[in-house]
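This report describes one protein chain, beginning with a single residue and widening to the whole. Please look at the sequence and the model before reading on.

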Amino acid sequence: MNEQPRLLTQASVFLPEDATWMAQAHRLAARGLYTTDPNPRVGCVLVREGELVGVGFHVQAGGPHAEVHALTQAGEKARGATAYVTLEPCSHHGKTPPCADALIAAGVSRVVVAMEDPNPQVSGKGLAKLRDAGIETAVGLMAEETARLNPGFIKRMREGLPWVRIKLAMSLDGRTAMASGESQWITGKAARLDVQRLRARSSAVLTGIGTVLSDDPSMDVRVDADFLGASAAPHQPLHAIVDARLLTPANSRILYSCDKVLIFHAPTALGCSTHYPRQVELIEVQEDNGYLGLRGVLARLAEHEVNECHVEAGSKLAGGLLETGLVDEIIVYMAPHLMGDSAHGLFHLPTLSSMRDRIGLHIEDIRPVGRDWRITARVEHE
């Protein structure tokens, strides 16, 4: 994330070995990449006198947190140990008891935390509880790693919006579909399977009515835990459709491939909504200059606990999100072929008329995926 994690003002002292153990805690946290939603991905390592005595990570929402798994494994060896946790231990009763209380009861002597909880209602309270119990705390070690694992949770807590990631497939000359609309398949099988990983880690898959009408996609996750290297079956992200006039056909495949579908429409929608299946929720969003307000769409997604919003859409919706400054990350799969001048481009951006209007990107990664190339870029927000 571009924003630096906010840390406690108390100065923290780290030991030479702390980074090694915290790195292991982050590797554990990454094992929950596809299964913890809407909770953050968190890992915990317990070390006593240089010996690893317990490890754990948050596997699924509603289940034990990382600290509880590690404490259970350590047993009595947790007493006097140092706990390395990638996110501040919780201090409140939710679906599970407070992890700060569990660490105190276990008798740990020191807790090293990568990042404070970004939730402004609870941030710092877990660490304060630990200090009040006489436990030494240190915070801020490898906070950027926690931010990379949890961009959506952090943004939702701080800004009330999800992390928006747009996925696009294009030819070498930047085209996404032929003039006729034909687009299957621009990229190869390896790239299409790689997209399944992006869907599986997301809270929601967002598309537009144009894509629904032209492609009738299902947008679901079609790989299992073994393919993802996950410890549990991946969840199906909810599906969301930007459909100002309620033109989505009731038999669209996207309506039946997950447990929850949100259709965002304008107050003046003329479409018939009486025959949608029961898993569909219609959400009215105000218009902005004749178009559905996309910030309002994302804010409502955040209310549904959407951390990471994965966008697979046409150039108009993708361009609208980018033009209004709502996109955080763009992932482009580039195929080694040319599609010509008449084919469709990546983004519809009619307001960009001069070089000074350019939207800056920071390229974070470029790597081959089968015969194609995957480019990962962050959008530079001023």
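I366 is partly exposed, because its relative accessible area is 49%; partly exposed is the range between buried (under 20%) and exposed (over 50%), with a 1.4 Å probe and protein chains only. I366 is found in strand 17. Helices (H or I, at least four residues) and strands (E, at least two) are DSSP runs numbered from the N terminus.

The model is predicted: local features need pLDDT of at least 70, side-chain atom pairs count only at pLDDT 80 or more, and totals for chains, interfaces and linings use all residues. Residues are numbered from 1 along each chain as its sequence is written, and side-chain values use heavy atoms, leaving out hydrogens and water.

**A surface patch**

Together with L361, I363 and W373, I366 forms a nonpolar patch on the surface, and the four have about 380 Å² of accessible area together. Accessible areas come from the Shrake-Rupley method with a 1.4 Å probe, and for residues only the protein chains shown count as cover. Patch residues have over 30% relative accessible area and no salt bridge; like charges are joined within 9 Å, and nonpolar side chains (Val, Leu, Ile, Met, Phe, Trp, Tyr) within 5 Å. A salt bridge is a side-chain nitrogen of Lys or Arg within 4 Å of a carboxyl oxygen of Asp or Glu. Strand 17 (residues 361-369) gives the largest share of the patch, 3 residues.

**A buried aspartate**

D18 lies in helix 1 (residues 18-29). D18 counts as buried because its relative accessible area is 0%. Its side chain makes a polar contact with the side chain of R110 at 2.7 Å. A polar contact is a pair of N or O atoms within 3.5 Å; within protein, one must be able to donate a hydrogen and the other to accept it, and residues adjacent in sequence count only if both atoms are side-chain atoms.

**Backbone details**

D37 and P38 are joined by a cis peptide bond with omega of about 5°.

**The whole chain**

The chain has 11 helices and 18 strands. Of its 382 residues, 53% count as buried. Its C-alpha trace spans about 70 × 45 × 40 Å along the principal axes.
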